Amino acid sequence: MHNYYVVTLFPELIEPYLAHLPFKRALEKNLIQVRLVNLRDFAIDKRGTVDSPPYGSGPGMILRPEPLYNAVQSVAKGLTNNPRIIFLTPRGKTFNQQIAQEIAKAENMILICGRYEGFDQRVVEELQAEELSIGKYVLSGGEAAATVVLECSIRLIPGAIDNAKALVNESFNTANVEHPQYARPQTWRGRSVPKILTEGHHKKIASWKLSAKAWVE
Ligand code: 6GU
C-alpha cells in the first residue's frame, strides 16, 4: 500500500481525479491511499489565516511556515516509516518519468501545494523536504502540478492500469513515448495509414515502431 497525502487549500481541485483512472482502479484495489489535507484546518487563527505579506516587500501573499509545518506533522505522526516530503513549486527540480518511477515505489509521500506567491522557505529546510516543479512556466498554485505528479506515478504501480502491456516499455527503459498510432478507417480524408503497418510483416513493423518513437530516455 502506498500512502499519498496532498496538503492544499483547494482539495476540491484534486478530488475529481480520484474517480478516474489510474486513481480509481488503484484505490479500488487498495494499492494506494490518497488523503487530501486541507491547509485551512491548520490556520494560525479562528479567521483561517495561513498567509502573510513577504519580508523585503513584493506582491501578494506568502504561505506562512506554521500551518504548513503543522499540516505535515499531523500526517507524519501517524506513519511508521518516514515520508518523502515534496513541495510543489516552479523553483523546484523538474519532474520526469524517472522521478515518477521512484514515487511509484515510495511507501509514504506528502505533496504540498503552494498558492499565492509561494511559501516561507524555512519550512522546506525544517522538514528536510524536496522541491519539485513540472516545467518552466508559472501556475497559480501547485494543485495541477500535484495531480500531474500523482497521475504519472500511480499509473506505474503494478496493477493500477488494466493494460499491463502499456507499461512494458516503460519498465524496461526509464520511459518512452511511443510511435504514432492509427485506427480505422485505413484511409480518411485522403490520408492513409503508413503502408508498413497494414502489410503484416512483423519485423518491419517492429523496426518502424522503434524508429518512430518520440523520445526514449
Ligand atoms: Cl509545481 N507550481 C507552480 N505554482 N507553478 C509551476 C509548478 C508548480 N511547476 C511548474 N510551474
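**Pockets, strands and backbone**

Reply: In the lining of the largest pocket, strands β5 and β7 (130–133) each supply at least two residues. Please keep in mind throughout that this is a predicted model.

Me: OK, and which of the elements gives the most to that lining?
Reply: Strand β5 gives the most, contributing four residues to the lining of the largest pocket.

Me: How much space lies in the largest pocket?
Reply: The largest pocket holds about 420 Å³ of space. Its lining is made up of 23 residues, and those closest to the centre are Leu88, Thr89, Pro90, Glu117 and Gly118.

Me: And how do the lining residues divide into nonpolar, polar and charged?
Reply: For the largest pocket, 10 lining residues are nonpolar, nine are polar and four are charged.

Me: What about the second largest pocket, what volume does it have?
Reply: The second largest pocket has a volume of about 220 Å³, and among the residues that line it are Pro53, Pro54, Tyr55, Arg64, Asp120 and Arg122. Strand β4 (62–63) and helix α3 (65–76) each supply at least two residues of that lining, which divides into six nonpolar residues, one polar and four charged.

Me: Switching to the strands: is β6 largely enclosed or open, and why?
Reply: Strand β6, residues 108–113, is largely enclosed by the rest of the structure, because six of its six residues are buried.

Me: Which residues are on which side of β6?
Reply: Asn108, Ile110 and Ile112 are on one side, while Met109, Leu111 and Cys113 are on the other, and with all of these buried both faces of β6 are covered. As background, side chains in a regular strand alternate between the two faces of the sheet.

Me: Which strands pair with β6, and do they run parallel or antiparallel?
Reply: Strand β1 (residues 2–8) runs parallel to β6 and is joined to it by five bridges, with Val6 having Leu111 as its bridge partner in β6. Strand β5 (residues 84–94) also pairs with β6 in the parallel sense, over five bridges, and here the partner of Ile85 in β6 is Ile110. Between β5 and β6 the chain passes through helix α4 (residues 97–103), making a β-α-β crossover that is right-handed.

Me: New topic, aromatics. How many aromatic pairs does the structure hold?
Reply: There are two aromatic pairs in the structure. In one of them, the rings of Tyr17 and Phe23 lie with their centres 6.5 Å apart and their planes at 70°, so that pair is edge-to-face.

Me: Are Tyr17 and Phe23 buried, partly exposed or exposed?
Reply: Tyr17 counts as partly exposed, at 40% relative accessibility, whereas Phe23 counts as buried, at 1%. The other pair is formed by Phe87 and Phe119 and is tilted, with 4.7 Å from centre to centre and 45° between the planes. That pair links distant parts of the chain, since Phe87 is in strand β5 and Phe119 is in the loop between β6 and α5 (122–126), 32 residues apart.

Me: What relative accessibility do Phe87 and Phe119 have?
Reply: Phe87 has 0% relative accessibility and counts as buried, and Phe119 is also buried, with a relative accessible area of 11%.

Me: Now the backbone. Which residues does a cis peptide bond join?
Reply: The peptide bond from Leu21 to Pro22 is cis, with omega near 0°, and Pro22 sits in the loop between α1 (11–14) and α2 (23–28). Arg184 and Pro185 are also joined by a cis peptide bond, where omega is about 0°, and Pro185 lies in the loop between β8 (176–177) and β9 (187–188).

Me: And which residues have a positive phi without being glycine?
Reply: Ser57 has a positive phi of about 65° although it is not a glycine, and it is found in the loop between β3 (51–52) and β4. Arg189, another residue other than glycine, has a positive phi near 50° and is placed in the loop between β9 and β10 (191–192).

Me: Last one: are Ser57 and Arg189 buried or exposed?
Reply: Ser57 counts as exposed, at 64% relative accessibility, and Arg189 is exposed as well, with a relative accessible area of 71%.

Key:
Residues numbered from 1 in each chain as written. Predicted model: local features only at pLDDT ≥ 70, side-chain atom pairs only at ≥ 80, totals over all residues. Heavy atoms only, no water. Buried < 20%, exposed > 50% of the residue type's maximum accessible area, 1.4 Å probe, protein only. Pairing = 2+ DSSP bridges. Right-handed = clockwise from strand over helix to strand, strands pointing away. 1 Å grid on protein atoms, 1.4 Å probe; cavity = no way out; pocket = protein on both sides within 12 Å on 5 of 7 lines; lining within 4 Å. Points joined across faces, edges and corners; volume = space filled by probe spheres on them. Nonpolar A, V, L, I, M, F, W, Y, C, P; charged D, E, K, R; others polar. Phe/Tyr/Trp six-rings, centres within 6.5 Å; stacked < 30°, edge-to-face > 60°.
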